[in-house]
Amino acid sequence: MRSRPPRAVLPSLLIVDPDEGLRALYRTILEPLAEVVYESADGVAALALAFRTPPSLLVADARLPRVDGSALCECLRAHHRTAPTLKLILASDQWMARRAETSGADAVLNKPFLPSDLSAAAVQLWKRRDDSGATSSSIRPRTVGSSGGSNSTRTTAPQA
């Protein structure tokens, strides 16, 4: 018997990782949980995208070019448009994990992890947010035109 894929629970998701292959992997794992998925290869491009269209959940590597995951958390937390965004940081070592936690990450997932750990962490964060009584109206994505296919939007930083 096949298990049913999880239904979308997140209005929008922003995945930030410099590695295109990892972004694709994270998108494959998390896309069934989100109505809209955005991607970025670095922290500066992610900030620009988040300020334009605040995501419900940010999933970012702790080590990013130009603006790392911890600084990304601080910036999102400090701005009124992006403060409600939940922040899940993927850390490869304890130092980066602690730094992300002190910078405002709502959760930190230590690498390596199983795909089910990533999806469970995203769902748990969203449910915890719902249980706290927060309103989702401030973090719903703006309606965008039909792309004719996938609900993913790729945003990459200009090459230096």
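This is a predicted model: local features need pLDDT of at least 70, side-chain atom pairs count only at pLDDT 80 or more; totals for chains, interfaces and linings use all residues.

Biologist: Where is aspartate 93 found?
Modeller: Aspartate 93 sits in the loop between β4 and α4.

Biologist: And what is aspartate 93 in contact with, leaving aside its neighbours within four places in sequence?
Modeller: Aspartate 93 touches Arg63 and Asn110, once neighbours within four places in sequence are left aside. Lysine 111 is worth a look too: its C-alpha atom and that of aspartate 93 are 7.6 Å apart, with the two residues separated by 18 residues along the chain.

Biologist: Is aspartate 93 buried, exposed or partly exposed?
Modeller: Aspartate 93 counts as partly exposed, because its relative accessibility is 25%.

Biologist: You mentioned lysine 111. What is the peptide bond from lysine 111 to proline 112 like, cis or trans?
Modeller: That bond is cis, with omega near -5°. Proline 112 belongs to the loop between β5 (107-110) and α5.

Biologist: Let me zoom out. How many helices and strands are there in the protein?
Modeller: The protein has five helices and six strands. Following the sequence, you read the pattern β-α-β-α-β-α-β-α-β-α-β.

Biologist: And what share of the residues counts as buried?
Modeller: Of the 160 residues, 46% count as buried. As for contacts between residues at least 6 apart in sequence, 69% of them join residues at least 24 apart.

Biologist: Okay, back to the start of the chain. What do β1, α1 and β2 make?
Modeller: Together β1, α1 and β2 form a right-handed β-α-β unit. The strands β1 (residues 10-16) and β2 pair in the parallel sense, over six bridges. In that pairing, isoleucine 15 has glutamate 39 of β2 as its bridge partner.

Biologist: Why is β2 described as largely enclosed by the rest of the structure?
Modeller: β2 covers residues 34-40, and six of its seven residues are buried, so the rest of the structure largely encloses the strand.

Biologist: Now the helix. Which residues of α1 are buried?
Modeller: In α1, which runs over residues 20-30, the buried ones are Arg23, Tyr26, Arg27, Ile29 and Leu30. Looking down the axis of α1, these buried residues fall within an arc of 165°, so they line one face of the helix. Glu20 and Thr28, on the other side of α1, are exposed.

Biologist: What caps the N-terminal end of α1?
Modeller: That's aspartate 19, which has a side-chain oxygen 2.7 Å from the backbone nitrogen of glycine 21.

Biologist: Which residues does serine 119 contact, leaving aside its neighbours within four places in sequence?
Modeller: Serine 119 contacts Ile29, Leu30 and Leu33 on that basis. Serine 119 itself is in helix α5 (residues 115-131). A polar atom of its side chain also lies 3.2 Å from the backbone oxygen of serine 116.

Biologist: Buried or exposed, then, for cysteine 73?
Modeller: Cysteine 73 counts as buried, because its relative accessibility is 0%. Cysteine 75, at 32% relative accessibility, counts as partly exposed.

Biologist: Which residues are buried in α3?
Modeller: Helix α3 (residues 69-78) has Gly69, Ser70, Leu72, Cys73 and Leu76 buried. Seen down the axis of α3, its buried residues fall within an arc of 160°, so one face of the helix is lined by them.

Biologist: What do the buried residues of α3 pack against?
Modeller: They pack against β1, α2 (43-52), β3 (57-61), β4 (86-91) and α4 (94-102). At the start of α3, aspartate 68 brings a side-chain oxygen to within 3.2 Å of the backbone nitrogen of serine 70.

Biologist: Last one: what is phi of arginine 66 near?
Modeller: Phi of arginine 66 is near 70°, a positive value in a residue other than glycine. Arginine 66 lies in the loop between β3 and α3, and this residue is exposed, with a relative accessible area of 55%.

Technical notes
Residues are numbered from 1 along each chain as its sequence is written. Side-chain values use heavy atoms; hydrogens and water are left out. Buried means under 20% relative accessible area, exposed over 50%, partly exposed in between (1.4 Å probe, protein chains only). Helices (H or I, at least four residues) and strands (E, at least two) are DSSP runs, numbered from the N terminus. The arc is that of the directions from the helix axis to the C-beta atoms. A polar contact is a pair of N or O atoms within 3.5 Å; within protein, one must be able to donate a hydrogen and the other to accept it, and residues adjacent in sequence count only if both atoms are side-chain atoms. Two strands pair if DSSP finds at least two bridges between them. A crossover is right-handed if, with the strands pointing away from the viewer, the path from the first strand over the helix to the second runs clockwise. Contact means heavy atoms within 4.5 Å.
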